[in-house]
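Subject: Structure for you to look at

Hello,

Here is the structure I said I would pass on. Please open it next to this message and follow along.

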Amino acid sequence: MNGRRLLLGGLLLAALLPGAQAQEWPGIRDGALYLRAPHGDSLQVEWQPAWQAEANAERLYLQAGDGRLLARRDIAAEEVRGRQHWALRPEDGDQRLEIPGYSFRRYRVRHADDTAALFEPVKLHFCAELPAGTRLYFRVRGGERALLAGKYHGGVEGLYAERLSDGHSLYLPLSRDLHYSRSDRIALPVSAEDRVWSLRLRGRGKAAFWLDGSANLFAQRPEHLFSPELAPGKVGLELHGEVLGPTPKLGVALPYTPPEAPELLARLAPRAANHYSFVDVMTRNPRHERRFRPLYLNEHGIRTDSSLLAQTGRRAVLADADTSRAGLAAWIEGIRELGGSGTHYIAFADEPNLNYPDYASFAAYFARMAPLVRAYPGAREAGVRIAMPSSSRLVNGPTAEDANAKRGLDWARRLLAEHGEWIDALSWHEWMVRDLRATGVYRDSVRQAAQLVGVDAHGRPRKALLLEQTNLSSGNNVSPYEQETGFAALWWASVAVNAAQDGLLEMLNWFLATDDEGHFKGMIGLAGDGRYMLKPVGKAMAFMQRHWQEQVLRLDNDAFEVDVLAMRSGARIVLFGVNKTPRHQEVRLHGEPLTCRDQEPPRLHLLSATAEPGEGRLDCTEQPWRFSLPGETLFVLEWEAP
């Protein structure tokens, strides 16, 4: 049967690619392909499960050379195997196929042999599962100081590089005991001329290889190496006066002690927060949290927060034993001492769908803890509310075995059905959406959360929606190429825009505020001299908070690479957005209310992912308003409406 299926697949491919040999890219898990088709071609993408595929929906994106989205393929969780065929047209320029990571499927891509293709692997994380003997080619431009880098992920264990012009070769063994954020690298000789190198992988399986200091692009044939052309993009926006709902409060996960760099936390200006509350600590010292909670409330103005009950070391599985009950009582007493200021959500466990053995175990624990909160004198008057289930991811499953039985949305649905009268908010954490082009997942998850809890006559969710924690990666599996660079700034801005787009979300928190020993994913980090500093994502947060408004306005946006959120506070209108790619973009804005006054003209503020804020030029003399966006830039357009 398998042989027959392979034969049929080969016949189909031959029919799709008449008169041409097929070129194949196997096992892609996280990366992109640039495709330059000199003639009409057919692109075939097939997938099969890698791990827990049945618990995870995924998407593929195909873009034109000017950034337009030509096609999007939604892959349902139950579609663990499948196939997609797209036409490649020369008039669409250098097209880009995006396979966003972290992927739970292996993708095999085929195209005609005369179509030049370049693979752009993700850096540090593994990008593919490859067969033994895999050979690729890359080019280093004259004068470039290029580094060949790689990381061992349990598969490929070394990289051989050979310069084709003279056979000069290098070998990079991949260390097995490095912290996840570290990698191996070797400098390539600098040449005055362009040089082509071959790359051969030692071993098979999970592979992580990439280039620093040169274009991170690899071909299967030397003659297929080219420089993708990023034609300027066009963005069409139409603003409407309709208010969709409030903007979410942007916040961070705060430390369990007073902050070490309070002046930098003040620059982040969080309006929300997420805390861990350790029941064993509070049982021994019921006043422990009262050292810092008043500080966060009174000095930093954080009046909306959520707390996750755990034990020290973030041990997540709790029982309704004396320690848990005593810790909960101490937490409520601490909130009562705040004098009824703000809203304080309590979750009884951290990511129960990841940490508890099954739903029944967690539901039984929840059913014993929730009545304690409702019965506690003065708790509700103090602003205490119950959030659940604080799951690891919402629509998709956690990164755990048997993830299909542990999807956060499913656990939330069951808890609402069984204990809905105790529940004030639906909360979750979102991880592993690492690709800038895939951040629309956040908008979809908020919409599905709202659909689950239902909406009232005004379109507001019947339970508050809280995205308590988010980051590109969970745990310690972080990449400095993401966390320490402008990439995180672009990603956070895009996530905030997408999550806020429909005015349904109440809280959105980045995890963490400050780097700690095992998690280098804060907005605040340590500089080389031991002083604390704002990372690029922290600078982006400060920029966002200065311009964040109260209400979301409806905005139509036809672009794929530029995300924009329209907001309003009184007469002040703000468009906040981000150009996520290096491509230059030309923006046209229609709609109402657009007001261009000589005495008080609209202002365009720019924040490059790698530079300080600046001002942009805007033509608002007639509609459409026109302005340009440099690549990889956050922007704010603001004006006063009549």
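An axis here is a line fitted to C-alpha atoms, for helices over the stretch in contact, and the angle between two axes is taken between their N-to-C directions. Please keep in mind that this is a predicted model.

Helices H5 and H7

Two packed helices are described by the angle between their axes and the distance between the axes. For H5 and H7, the axes come within 11 Å and cross at roughly 30°. Angles under 35 degrees count as roughly parallel, and H5 and H7 are therefore roughly parallel to each other. Their crossing is right-handed. On the H5 side, the contact is made by Ser324, Arg325, Leu328 and Ile332, and on the H7 side by Met369, Leu372 and Val373. Sorted by type, the residues of this contact of H5 with H7 are five nonpolar, one polar and one charged.

H5 itself covers residues 322-336, which makes 15 residues. From its first C-alpha to its last it reaches 21 Å, close to the 21 Å expected at 1.5 Å a residue. Which residues of H5 are buried? They are Ser324, Gly327, Leu328, Ala330, Trp331, Ile332, Gly334 and Ile335. When you look at the numbering, recall that an α-helix has 3.6 residues a turn, so residues three or four places apart point the same way.

Helices H7 and H8

H7 (residues 359-375) also packs with H8 (residues 408-419), at an angle of about 40° and with the axes 11 Å apart. H7 and H8 are therefore oblique to each other. H7 passes H8 in a right-handed crossing. The residues that meet are Tyr359, Phe362, Ala363, Phe366 and Ala367 in H7, and Trp411, Arg414, Leu415, Glu418 and His419 in H8. In this contact of H7 with H8, seven residues are nonpolar, one is polar and two are charged.

The loop between E9 and E10

Lys123 sits in the loop between strand E9 (116-121) and strand E10 (128-130). Is Lys123 buried, exposed or partly exposed? Lys123 has a relative accessible area of 24%, so it is partly exposed. Leaving aside neighbours within four places in sequence, Lys123 is in contact with Trp210, Leu211, Asp212, Asn216, Ser479 and Tyr481. Asn477 is 354 residues away from Lys123 along the chain, yet their C-alpha atoms are separated by 13 Å.

Leu124 is found in that loop between E9 and E10 too. Its relative accessible area is 0%, so Leu124 is buried. Phi of Leu124 is near 75°, a positive value in a residue other than glycine.

Other backbone points

Asp402 also has a positive phi without being glycine, with a value near 60°. Asp402 lies in the loop between strand E24 (384-392) and H8. With a relative accessible area of 48%, Asp402 is partly exposed.

There are also cis peptide bonds to look at. One joins Phe511 and Leu512, with omega about 15°. Leu512 belongs to the loop between strand E27 (507-510) and strand E28 (524-526). Another cis peptide bond joins Gln623 and Pro624, and there omega is about 0°. Pro624 is in the loop between strand E36 (618-619) and strand E37 (625-629).

Regards

Conventions. Residues numbered from 1 in each chain as written. Predicted model: local features only at pLDDT ≥ 70, side-chain atom pairs only at ≥ 80, totals over all residues. Heavy atoms only, no water. Axes fitted to C-alpha atoms, helices over the stretch in contact; angles between N-to-C directions. Helix = DSSP H or I, 4+ residues; strand = E, 2+ residues; numbered from the N terminus. Parallel < 35°, antiparallel > 145°, perpendicular 65-115°, else oblique. Left-handed = near helix turned anticlockwise from the far one by under 90°. Contact = heavy atoms within 4.5 Å. Nonpolar A, V, L, I, M, F, W, Y, C, P; charged D, E, K, R; others polar. Expected span 1.5 Å × (residues − 1). Buried < 20%, exposed > 50% of the residue type's maximum accessible area, 1.4 Å probe, protein only.
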